[in-house]
Amino acid sequence: MEKPEHFYEAGRAFGEFQRMLGGFPVNELYDTIPNFHDTRKRFYTFVASVAEDRAHRVAELDREIDFFFDRRKMTSEIVRKIESHEIPLRVTHNDAKINNIMLDAQTGRAVCVIDLDTVMAGSALYDYGDAIRYGASTADEDEPDTSKIDLNMDLFREFTRGFLSEVGDLLTEAELKCLPLSLKVMICELAMRFLTDYIDGDVYFKVNSPDHNLIRAHAQMKLLERIEEKYDQICAITEEIIRNR
């Protein structure tokens, strides 16, 4: 991302993706990765991995394990709202990173969303939260120095403005209210997946060192803590953008 306007365009592009597929029959979509964002099942998988301890690493992870148990209810909140029909199922991209947006080199405007192999039924909140998790963090996903990790509030605002410029009138009140929550849920989900893979012996994610997945987990945990610290401000900015859309 060369400038903040590009992240606005990424938000607008993912919003346009949602709007253009707003009436698509989501039940006709094939689940490329079943239960991909089912955070309740992700938590139970994590618990099972802790119990099995196949790589004999659990003894060193008391703080990390407590971290996710403390956030268990929050992590499953979107899943619960989908099950209770408070939030509708929509077509979701499920890999909402800025490198999956084509930008016009001359105008800087988003042309289209690409890399559609993970398009499945889900919540629009998944794409929104994951895009900000990836694009508005001040450090890489595997940054070992967690003091460098924070949420860039200007980039968060730009993406939210772009996204809601396209879907502000499409999303339900319940979805709009849960936009800030989705940041916490998506970050916590990925952090838990990294730690689960570390506990299992690094069988899913490619790693460059024996503690690579643990470093990744710590980075996402720190990002979540920073968002928790700024959560009131995040909610206020989101509400302001919703009012002014």
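Which residue's side chain meets that of Arg-63 in a salt bridge? Glu-64 does, at 3.7 Å from N to O, where a salt bridge is a side-chain nitrogen of Lys or Arg within 4 Å of a carboxyl oxygen of Asp or Glu. Glu-64 counts as buried at 6% relative accessibility, with buried meaning under 20% relative accessible area, exposed over 50% and partly exposed in between, for a 1.4 Å probe and protein chains only.

Before going on, please note that this is a predicted model, in which local features need pLDDT of at least 70 and side-chain atom pairs count only at pLDDT 80 or more, while totals for chains, interfaces and linings use all residues. Residues are numbered from 1 along each chain as its sequence is written, and side-chain values use heavy atoms, with hydrogens and water left out.

The structure holds 24 salt bridges, including one between Glu-83 and Arg-40, whose closest N and O atoms are 2.9 Å apart. That pair links distant parts of the chain, 43 residues apart, with Glu-83 in helix α5 and Arg-40 in helix α2; helices here are DSSP runs (H or I, at least four residues), numbered from the N terminus. Glu-83 is partly exposed at 47%, and Arg-40 is partly exposed at 23%.

In helix α7, Arg-161 forms a salt bridge with Glu-158 at 3.2 Å, and the two are separated by about one helical turn because they are three residues apart. Arg-161 is partly exposed at 37%, whereas Glu-158 is buried at 18%.
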